[in-house]
Structure formats: structure tokens, C-alpha cells
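Colleague: Please walk me through the ring contacts and backbone angles of this model.

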Amino acid sequence: MAEIRVPVLVVGAGPVGVSTALFLGRHGVRSLLVEQRPSTSTLPRAPGLQARTMELFRAAGVHNEIRALEVGDSHPYFEGGILQTRTFAEIDDAVVLEAPSLDGPTVSPERVMGCGQDRYERVLAGLARDAGAELRFGTRLTSFTTDENGVTATIRDLASGEETTVRSDYLVGADGASSRTRQALGLKRTGIGTVFNALSIYFRAPELTKVLKDRKFILCYATAAPGTLMGLSRLHGADPWLAAPLYYPEKGETPADYPDERCVDIIRTAAGKSDLAVEIVAKVPWQGAQLVAESFRRGRVFLAGDAAHVHPPAGGFGANTGIHDAHNLAWKLAAVLDGRAGDPLLDTYDAERRGVGAAMARQAMVRNRIRHGYADEETVASMVDDIIITLGYRYQSSAITGGREDAPVLTPNLELTGEPGTRAPHLWLRRDGSRLSTIDLFWGEFVLLTGSRSSGWCEAAERVSKQLSVPVQAYVVGSGGDLVPEDREWARAYGVTEEGAVLVRPDAFVTWRSEGRAGDQDTALAEALTRASGLASGTR
């Protein structure tokens with residue numbers, strides 16, 4: 001049996017798997033990705049990419065390639081919100097169920113965009129290969145074992161039957177809701193479980209745009225379709241349309257009860273146009289469920305995306321949250337593999353992302369109840385705006401110094417003020433005549449920001465970086481500094497004085513800050529950097 005050696009084995013393609021391979025590659029880590037499907041997705045699933053997701057692609061240097069996939073300007077679709085009407089022909093009488101805030105020029109350098117998974121997953125896969133990853137489709141993980149030093153896995157080529165042994169330092173299971181990786185680890189999930197069953201119907205109907213009077217929306221529900229609530233979306237900006245009627249197994253219904261003729265009838269009834277020309281392209285049954293794994297790490301094996309947490313698609317948190325998982329894990333694996341961080345840093349992946357994953361799942365359930373008409377006043381009041389959920393969550397882990405110990409989602413307002421555990425505030429800056437965002441500063445190493453050259457923090461950063469062998473890039477932000485703010489004062493935005501300092505991780509999250517000068521700058525910074533890099537136990 002052939003044997004290969006690779007630092008990280010990634011199981012499962014999809015947006016999460018290919019993003020994991022891409023982010024690892026951009027951090028200089030080789031990976032092997034295996035996927036039992038013969039290719040990337042051929043259907044335009046998961047069509048909304050959040051501003052935070054685009055920030056991660058921006059930091060990885062690939063956002064131009066992803067942004068180029070947008071068909072026209074998809075932003076008006078997001079601004080149209082979530083609608084409900086009796087039939088699509090009665091769109092003028094539609095009720096707005098949700099009008100979420102999703103981005104903004106003072107919040108992020110990026111905007112949300114619509115694009116089908118069939119297009120962006122294919123491009124991400126190519127970019128991952130360019131970054132050094134090997135991708136094997138039509139290949140299944142059949143077994144794996146772990147020991148103190150790594151993971152030994154067996155993979156099988158489904159066409160030839162040939163088996164290969166893979167020896168890796170770590171394994172990442174990004175293999176979906178039915179994750180074989182999670183099952184092999186014996187990790188249980190908690191949550192509500194299945195809350196509905198739906199059938200995604202991809203179809204073409206050239207006249208439907210005219211019926212809808214070219215109204216833009218994220219999703220529009222029609223209540224007239226017989227026996228079901230049907231959602232309609234074309235957020236991905238290209239053919240085909242997506243309809244998602246519910247079906248009810250408790251009534252004896254199965255996907256087989258929905259032949260093309262019945263699907264066409266449902267679409268025509270929902271459209272309010274009995275002679276609408278409809279071509280069914282594909283049908284995919286799926287479940288809306290809320291479940292979160294009891295842990296995202298077991299030894300040298302990690303779970304990401306749907307393998308770790310699933311929830312109804314309301315809010316579009318699924319693929320996006322999984323891509324955020326991938327980035328949080330990738331930079332930490334890269335730092336540990338390169339000897340710049342200790343193993344305890346990998347424990348913070350579970351500590352940080354499991355709390356966020358659970359919060360996302362709860363908010364998806366809130367939206368699901370509202371859209372399906374069975375939310376009480378308490379449920380409605382608990383809904384947090386999308387922009388807070390996607391950009392305003394707070395991490396809690398041993399790597400954060402001085403963070404607050406409360407829920408991982410900020411409510412009721414988005415207030416990014418440089419607090420430890422939160423995403424660093426976005427400011428527009430000038431550097432040598434070029435314009436950039438503070439978000440553009442964070443990728444491969446820790447960054448220390450201060451507002452004064454005389455504060456002493458830059459020199460302290462240089463000494464501590466050498467002492468701990470952890471790279472730190474220091475910048476002075478202000479008039480006459482390395483970086484000059486364009487729109488607002490840096491120190492005030494980050495909650496410090498000009499003599500203060502802020503330490504930011506490679507994922508743009510603040511890990512420590514000092515409001516002003518510290519009595520012993522080297523000690524204060526060394527303690528913070530030791531925790532932030534997982535070196536508190538003295539192990540690398």
C-alpha cells in the first residue's frame with residue numbers, strides 16, 4: 001500500500017474544506033484534501049458570502065478572484081430583505097419579515113455578495129491548489145487512528161479501489177452534517193435536532209422575473225402553494241431559481257412524492273400564474289436541524305463547518321460560519337507547525353468557535369420560528385441583527401487577556417471598540433500614499449499598534465518578539481507614524497490613548513491592550529503574547 005506524508009489531512013471539500021486547504025496553504029502549510037464526490041458542487045447552494053467572509057478572502061489575497069464571480073451588483077438583493085406574500089404575482093403586497101443590516105463602510109472594508117457555491121467553491125479549490133494543497137476527488141477516508149505524534153489514515157480511490165496510507169500531524173473533518181470523522185471520534189451532538197424537512201428545487205422560469213416585477217430580495221415566501229410554505233431565492237445572481245417547499249415525513253411524505261409534475265404545479269401556484277413555463281433542473285432533499293458537537297477537538301483531530309454545528313439556513317450562517325471556523329483553525333495550526341506557538345493554542349479553537357457556533361445556531365432557530373410563523377414575543381425580542389452576529393461576536397479563551405466573560409454575541413448594538421476578544425475595528429489608513437484598511441494588516445503574524453513613536457511599545461515588541469521567538473510586527477498609527485488614519489482617530493476607535501498599545505492576532509481579533517504606558521512594558525507584553533501564542537505552559 002502506498003504511503004504519503006503531509007502536515008494536515010482535510011476530509012471533505014465544500015466551502016469549508018477548500019477554504020481550510022486554501023488558508024493553510026496561504027500560511028505556508030501543505031495539506032491533502034480528500035472528497036468522495038467526483039467534483040466540487042454543481043448546484044448554487046449557500047449563495048450569500050458575508051462581509052466577514054470576504055474579509056478573510058481579502059486577508060488571504062484572493063478576494064478579487066471571488067468578487068469577480070458576482071453577477072452585476074448583488075447588494076440590492078440583500079437590501080431587499082426577507083419577504084412574504086400570498087403569491088409572487090402579488091409581490092406589491094409583500095410583507096417584510098426581516099430587513100437585516102449586513103455591512104457598512106464604517107464597519108468593514110468589504111460588502112456582502114451573492115454567488116452560488118457551484119462557482120465560488122470551484123474557484124476556491126483552484127486557489128487552494130495554487131497555494132500548495134493537493135485535492136483528491138472521488139476519494140474516501142475509510143479509517144484513521146491517532147497517537148501522540150500524529151494521525152494515520154487510510155483513503156480509497158473510489159474508481160480504482162486503490163488504498164493509500166496517509167500520515168499527518170493533524171486531521172480536519174470538514175465532511176458535513178453526517179460527518180464520518182465526528183462519528184469515528186464518538187462525539188455526541190446536542191440541540192433541538194431536525195425541525196423541518198425541505199426539498200430544494202432548482203428550476204428555470206424566464207417569465208418569473210417579470211412576474212416579480214424585478215423585485216430584489218434575499219428570500220421571498222409564498223403561502224399559496226398547497227400544503228407547504230415555499231421560499232424562493234435567486235441571490236446567486238444567475239440561473240437557475242431555487243424554490244424550497246417543505247414536506248412532512250410525519251404525514252407519510254417522502255421526496256419521491258414530489259415528481260417533476262408536482263414541483264411544477266407548486267411553483268406555478270406560488271407564482272400565481274398557471275401557465276408559467278417551468279423547467280426542473282434538479283431536486284435535493286435536506287433537513288433543517290439544530291445540533292452542535294460536544295467538542296470541536298479531540299487530540300489531533302478537529303471538526304469544522306457542518307461537521308461541528310448545523311442549523312437551519314435562516315440567516316445564511318452555515319457556510320459562512322464554517323469558513324470562519326476554517327480560518328480560526330488554519331492560522332493556529334500553521335503557527336504550531338512552524339514552532340511559533342504551543343499546543344494549548346489549538347485548544348482555543350474549540351473554546352472560541354464552539355461558543356460562536358452555538359450562538360449562530362440559536363439565532364438561526366429564532367429566524368426560522370419567525371419566518372414559519374410560530375415565534376412568540378420573547379423569541380422575536382431575542383433576534384440579534386445579522387451584522388452583530390457576523391462581525392460582533394466575542395471570543396472567550398485562554399489566549400485572550402482582559403476579555404469579558406459573557407455571551408459570545410454582542411447585543412443589542414454593534415460596538416467594535418478594540419476590546420480584547422473582539423474583531424479589531426476597521427479604519428481607513430494611508431501608508432506611503434496607498435489606502436488600506438486596518439483589517440489588511442492582519443494575516444501571518446501578531447501585530448502591535450500604538451499611537452506614539454515615543455511610547456516605547458515598538459521597542460518593547462521587538463525585544464519580546466526575540467525573547468519568545470514569536471514574530472510581532474509593530475506600527476505607529478497617527479500623524480507622522482507608519483500609518484495615518486483617514487477618517488477617524490485610531491486611539492479613540494481602539495479604546496486607548498496615544499501612549500497605549502493594542503496587540504492583534506493574525507485573524508484580526510484583539511488579544512490584549514494597554515490603555516496607556518505600562519510600568520514594565522516588556523513584562524506586560526510578554527505575558528500577553530505568551531498567552532496569545534499558547535506558550536503559557538512552556539511547550540511549543
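Modeller: We take ring pairs, then charges over rings, then phi. The model is predicted, so local features need pLDDT of at least 70, side-chain atom pairs count only at pLDDT 80 or more, and totals for chains, interfaces and linings use all residues. Residues are numbered from 1 along each chain as its sequence is written, and side-chain values use heavy atoms, with hydrogens and water left out.

Colleague: How many aromatic pairs are there?

Modeller: Rings of Phe, Tyr and Trp (its six-membered ring) pair if their centres lie within 6.5 Å; planes under 30 degrees apart are stacked, over 60 edge-to-face, the rest tilted. This structure holds 13 aromatic pairs. Y247 and Y258 have ring centres 6.2 Å apart and planes at 55°, so they are tilted.

Colleague: Are Y247 and Y258 buried or exposed?

Modeller: Buried means under 20% relative accessible area, exposed over 50%, partly exposed in between (1.4 Å probe, protein chains only). Both Y247 and Y258 are buried. Y393 and Y395 also form a tilted pair, with centres 5.5 Å apart and planes at 50°. Both Y393 and Y395 are buried.

Colleague: Which residue has its charged end over the ring of Y170?

Modeller: A charge sits over a ring if NZ of Lys or CZ of Arg is within 6 Å of the ring centre and within 35 degrees of the ring normal. R300 does this at Y170, 4.9 Å from the ring centre. Y170 also belongs to a cluster of ring pairs with F296, F302 and Y349. R435 sits over W428, 4.0 Å from the centre.

Colleague: What is phi of K213 near?

Modeller: Most residues other than glycine have a negative phi. K213 has a positive one, near 55°. D214 is positive too, near 60°. K213 is exposed at 52% relative accessibility; D214 is partly exposed at 44%.
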